[in-house]
Amino acid sequence: MGLFDFFKKDKETPAQQASLDAGLEKTKTNFFDQLSKAVVGKSTVDEAVLDDLEGLLVHADVGIETTVKVIDRIEARVARDKYVSTSELDRILREEIVALLEDNNSGSTAVLDSAGSTGQPYVIMVVGVNGVGKTTTIGKLAHRFHSAGKKVVLGAADTFRAAAVDQLIIWGQRVGVPVVSHGMNTDPASVAYDAVRKGVELGADVVIIDTAGRLHNKVNLMNELSKIKRVMQKVLPDAPHEVLLVLDGSTGQNAFLQAKEFTKATEVTALAITKLDGTARGGVVIGISDQFSIPVRYIGVGEKMTDLQLFDRNTYVNSLFKKK
């Protein structure tokens with residue numbers, strides 16, 4: 001069984017479903033209250049309704065380019081079916097958003113199915129600016145793996161911020177997994193090297209490497225991340241197997257800008273979008289997935305360790321459209 005095979009059977013519990021519903025409450029309340037006002041007194045989806053819908057999607061931080069795609073898809077259906085009632089708009093919008101996420105492979109574990117089957121650790125390098133919840137996401141991810149019976153090793157390679165090193169050590173203690181740390185102001189690549197080596201020695205299933213969250217100089221960031229990769233490859237030639245970019249969903253368009261800069265600086269292969277429970281901007285998940293063609297792997301919908309959830313596009317969209 002591969003490292004991530006348990007995710008296929010790992011349906012969220014009723015408590016986790018409730019957390020997802022609660023986490024998206026601000027987004028759906030804001031969006032659907034406004035959508036209801038836009039269609040009141042109208043029986044069909046016409047140009048005026050689509051104009052209002054376009055504005056609502058942009059306001060929910062779906063992003064202009066992605067919003068245009070969604071509207072174009074709905075316009076095509078209206079033209080094909082000749083008549084679409086406003087009562088059908090929720091269903092059509094839900095179907096088109098799911099299709100858009102599917103196009104970008106968001107929520108798919110297909111790329112992870114063979115992970116862990118080689119007998120070597122699956123190495124995840126985590127990137128993202130300070131304040132997005134990067135280290136907390138690593139702790140919650142470690143908890144998820146550890147709870148599934150997987151051996152986990154953490155590497156505290158964000159050595160430019162003392163709080164990051166200390167925070168990861170605390171998470172390691174809470175979860176019950178070893179943390180490789182050289183302290184503050186040490187060489188991040190050296191920490192990553194030792195973490196991967198320890199993962200191999202312990203027969204770990206997964207090694208998760210925290211990295212510095214600075215983005216003030218893209219060239220320096222690129223050089224630093226490239227060095228970390230090269231050094232890890234001295235232990236495992238194909239490491240890292242995943243570069244996970246953590247974004248704060250509550251920052252809306254700023255999350256788009258961070259994604260743009262990090263995808264220029266390094267090859268990002270998956271996304272984790274955090275803090276969706278504190279924002280009405282949950283549409284950012286849809287827009288970022290679409291615009292960067294990078295699968296969303298995880299979403300954060302609360303403070304509890306179990307509130308980092310494996311992203312499932314159908315579950316997410318169904319929760320987004322769930323009426324009270």
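Reply: Gladly! Two strands count as a pair if DSSP finds at least two bridges between them. Keep in mind that this is a predicted model.

Me: What makes strand β1 and strand β4 a pair?

Reply: The cut-off is at least two bridges. Strand β1 (residues 122-127) and strand β4 (residues 206-211) are joined by five bridges, so they pair, and they do so in the parallel sense. As for a bridge partner, Y122 has V206 in β4.

Me: Where do β1 and β4 sit in the sheet?

Reply: The sheet is open and has eight strands, in the order β3-β2-β4-β1-β5-β6-β7-β8, with mixed pairing.

Me: Why are β3 and β8 said to stand at the edges?

Reply: Each has a single partner strand, so one side of β3 (179-180) and one side of β8 (308-310) are left without a neighbour in the sheet.

Me: Which helices lie across these strands?

Reply: One of them is α7 (residues 134-147), which lies across β1, β2 (152-157), β4, β5 (242-248), β6 (270-274), β7 (296-300) and β8. Helix α7 runs at about 175° to β4. Another is α12 (residues 284-292), lying across β5, β6 and β7 and running at about 160° to β6.

Me: Why is V123 called buried?

Reply: Buried means under 20% relative accessible area. V123 has 0%, so the word applies. This residue is found in strand β1.

Me: What does V123 touch, leaving aside residues up to four places away in sequence?

Reply: Contact calls for heavy atoms within 4.5 Å. By that test V123 touches V196, V207, I209, M232, L236, A239, P240, H241 and E242. On a separate note, the C-alpha atoms of V123 and D238 are separated by 9.0 Å, although the two residues are 115 apart along the chain.

Me: Which helix gives the most to the lining of the largest cavity?

Reply: That is α3, with three residues. Both α3 (25-39) and α6 (89-103) supply at least two each.

Me: How do the residues of that lining divide by type?

Reply: Nine are nonpolar, two are polar and one is charged. Lys counts as charged and Gly as polar, and the lining includes K28 and G283.

Conventions
Residues numbered from 1 in each chain as written. Predicted model: local features only at pLDDT ≥ 70, side-chain atom pairs only at ≥ 80, totals over all residues. Heavy atoms only, no water. Helix = DSSP H or I, 4+ residues; strand = E, 2+ residues; numbered from the N terminus. Axes fitted to C-alpha atoms, helices over the stretch in contact; angles between N-to-C directions. Buried < 20%, exposed > 50% of the residue type's maximum accessible area, 1.4 Å probe, protein only. 1 Å grid on protein atoms, 1.4 Å probe; cavity = no way out; pocket = protein on both sides within 12 Å on 5 of 7 lines; lining within 4 Å.
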